[in-house]
Amino acid sequence: MKPSLTVAIYGAGQVGRTVAGLLSSDAGYSVRGPFDRSHRAAALESGADVVVIATTSFLAKVAADIRAAVMAGSNVITTAEEAAYPWHYDEELARDLHTLALENEVTILGAGFNPGFAFDALALTASGVVPQVTSLRVERVVDLSGFSATILRRLGIGYSAAEFDAGIESGSITGHIGFPQSMRIVARQMGVSISEIQRSIHPIAAEGRYDLPALDILPGQSAGFRQRYVAIAEGRAWFDALFIGHVDPVASGFPTRDEIIVHSESGDVHLAIKPGINPQVGSSSVIANSIRRLVTAPAGWLTVADLPPACPASDAASAISAAPGRR
Ligand SMILES: NC(=O)c1ccc[n+]([C@@H]2O[C@H](COP(=O)([O-])OP(=O)(O)OC[C@H]3O[C@@H](n4cnc5c(N)ncnc54)[C@H](OP(=O)(O)O)[C@@H]3O)[C@@H](O)[C@H]2O)c1
């Protein structure tokens, strides 16, 4: 019998549960969890081949969990958006965990759909067909209705205009997290030096009432938001990113889409995915499909730009033993 890979999952929310379901249907994986907070040690300290951490968005909040899993000898993949490029917010912490991963001969990866696929891995791939890139523009319109109440509130849904502004000011409302990380991944790979990343965010008020499974939104409260990030390099806009999130985007005049425009002196490349990829399905699939590339990758804290594309395999165990790499 072919050996199966053990995968422990920390975080019993939407992503944790979905990834557990996807991997459980493949005999190549032996799945433990998903575990909630009360079973932290079982999730992080069992020495599983791979630990999936799908809890929060913030590097500071997952750092101790990553450390625990790495010290137990596990490779780690986390959906925390800030972990897709950890050097952006905390270079010292990223360096420290990178060293720990090297010492324990394991790999750490932050991944998901955005960041982790659409506007970094896919943008880099799309850039491969032009001789040089003068600038990039990406746009994403997302249906937010399937997210948990925690995520919706953190994104900025269900607030009056004044509450929204106050939440942005205090940091309790973040909008979408991840564009700076995607920009940094692409910039590092292309050898571009970003001097500054500008951000703006504005709420979109609900015209009617929405009763979502996770949250009720009253007329006038935020049912969505429009967010823009611009990375400046060599004194000009180099990477321009627009995100529109809404709980009922199509009916509100925002059809979902994921678009990448690579500007080049030799002509532009325009990749348009319409309708946009389902955020829950897309992210969980990227995570489940990343297990194989994680266990065959070099040690250290990597980004998705360092790895081959993630894709499903009909027989994960055979695909792993056939792959070049450290195992
Ligand atoms: N990179 C990407 O593209 C991508 C894609 C999808 C999701 N994400 C991010 O991944 C995270 C998980 O997503 P989700 O949709 O599964 O969220 P979710 O449905 O809200 O589930 C999160 C789960 O993690 C638990 N949790 C939260 N903070 C924790 C902590 N510090 N320690 C231990 N457990 C904790 C929550 O438990 P409690 O209920 O007890 O708080 C909840 O069960 C979110 O931050 C999301 O933004 C990123």
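I began at the ligand and found one of its oxygen atoms 3.0 Å from an N or O atom in the side chain of Arg154. I treat a polar contact as a pair of N or O atoms within 3.5 Å; within protein, one must be able to donate a hydrogen and the other to accept it, and residues adjacent in sequence count only if both atoms are side-chain atoms.

I noted that this is a predicted model, in which local features need pLDDT of at least 70 and side-chain atom pairs count only at pLDDT 80 or more, while totals for chains, interfaces and linings use all residues. Residues are numbered from 1 along each chain as its sequence is written, and side-chain values use heavy atoms, with hydrogens and water left out.

For Ser148, I read 2.8 Å between a side-chain N or O atom and an oxygen atom of the ligand. At Gln14 a backbone N or O atom lies 3.0 Å from a ligand oxygen atom. On its own the ligand has 920 Å² of accessible area, and the protein covers 79% of that (Shrake-Rupley method, 1.4 Å probe). I then listed the surroundings: 21 residues, each with a heavy atom within 4 Å of the ligand. The closest are Val15, Ser57, Thr79, Glu81 and Ser148.

Domains. I looked up the division of the chain into domain 1 (5-112 + 282-319) and domain 2 (121-276), with bounds from an automatic or database domain assignment. Their centres, taken over C-alpha atoms, are 24 Å apart.

Interface. I find 14 residues of domain 1 in contact with 16 residues of domain 2 (heavy atoms within 4.5 Å). The buried area is about 1300 Å², with 60% from carbon and sulfur atoms; the term denotes accessible area (1.4 Å probe) that two parts lose on being put together, summed over both. In domain 1, Glu81, Tyr85 and His88 lose the most area to domain 2, together 41% of what that side buries.
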